[in-house]
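Hi,

Here is the structure I said I would pass on. Have a look at it first, and my notes follow below.

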Amino acid sequence: MPERRINGFFYGLFMDADLLRESQIVPENPCPAYVDDFELRIGQRATLVPAAGARSYGMVFALTHDDLDKLYSAPGLEHYRPEAVLACSLDGEEIPALCYNLEEAPGDDEVNSEYAKRLRTVLEKLGFPAEYIASVC
């Protein structure tokens, strides 16, 4: 019997299905989506932080628990913790999903311009709104 899959909302480089496949993870049911009241913050890595009125875009993929454990046990990712979010597809469908965020948001002085550049490239590839892409820094 195949392992059960759950929806994960990805807002950083893991939005790129090709990157996931390079890690031997097969994402299913890709769906462009957003979460409201969360703001993207980039330090050494990306995270979402609660922010009333904000919107962050990403991808929902169906993955196994083993896939999620594999992704977030990699070096540098051990401080991410899952939390439940209600993503919304670009067609308006609500999708309950797990979203992994840092326990502590990066400080304002923490910058990773190379990560931001790579993330803008992924967002462009996936066709997200230009104004959102331009806001990623």
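In which sense do strands S2 and S4 pair, and over how many bridges? The model is a predicted one, and in it S2 (residues 28-42) and S4 (residues 80-89) pair in the antiparallel sense, over two bridges. If you want a spot to start from, go to Ala 33: its bridge partner in S4 is Ser 89.

S4 also has a partner in S5 (residues 94-102), and the two run antiparallel, joined by nine bridges. Along that pairing, Arg 81 stands opposite Asn 101 in S5. S4 and S5 make a hairpin, with four residues between them. Check Gly 92 while you are in the turn, as its phi is positive, at about 100°.

One residue I followed up is Leu 86, which has its place in strand S4. As for its surroundings, leaving aside residues up to four places away in sequence, Leu 86 touches Tyr 34, Val 35, Glu 94, Ile 95 and Pro 96. Take Pro 96 from that list: Leu 86 and Pro 96 are 10 residues apart in sequence, yet 4.6 Å apart in space, C-alpha to C-alpha.

Now the pockets. The largest pocket holds about 330 Å³ of space. Its lining is made up of 17 residues, and those nearest the centre are Leu 13, Phe 14, Arg 45, Leu 77 and Tyr 115. By class, the lining of this largest pocket splits into 12 nonpolar, three polar and two charged residues.

The second largest pocket has about 200 Å³ of space. Among the residues lining it are Phe 38, Arg 41, Ala 54, Arg 55, Tyr 132 and Cys 137. Two or more lining residues come from each of S2, strand S3 (46-64) and helix H4 (130-135). Which of the elements gives the most to this lining? That is S2, with five residues, the strand that also pairs with S4. The lining of the second largest pocket has seven nonpolar, two polar and three charged residues.

Cheers

Methods. Residues are numbered from 1 along each chain as its sequence is written. This is a predicted model: local features need pLDDT of at least 70, side-chain atom pairs count only at pLDDT 80 or more; totals for chains, interfaces and linings use all residues. Side-chain values use heavy atoms; hydrogens and water are left out. Two strands pair if DSSP finds at least two bridges between them. Contact means heavy atoms within 4.5 Å. On a 1 Å grid over the protein atoms alone, a cavity is a set of points where a 1.4 Å probe fits but cannot get out, and a pocket is an open set with protein on both sides within 12 Å along at least five of seven lines; lining residues have an atom within 4 Å of a point. Grid points are joined across faces, edges and corners, and a volume is the space filled by probe spheres set on the points. Ala, Val, Leu, Ile, Met, Phe, Trp, Tyr, Cys and Pro count as nonpolar, Asp, Glu, Lys and Arg as charged, and the others, Gly among them, as polar.
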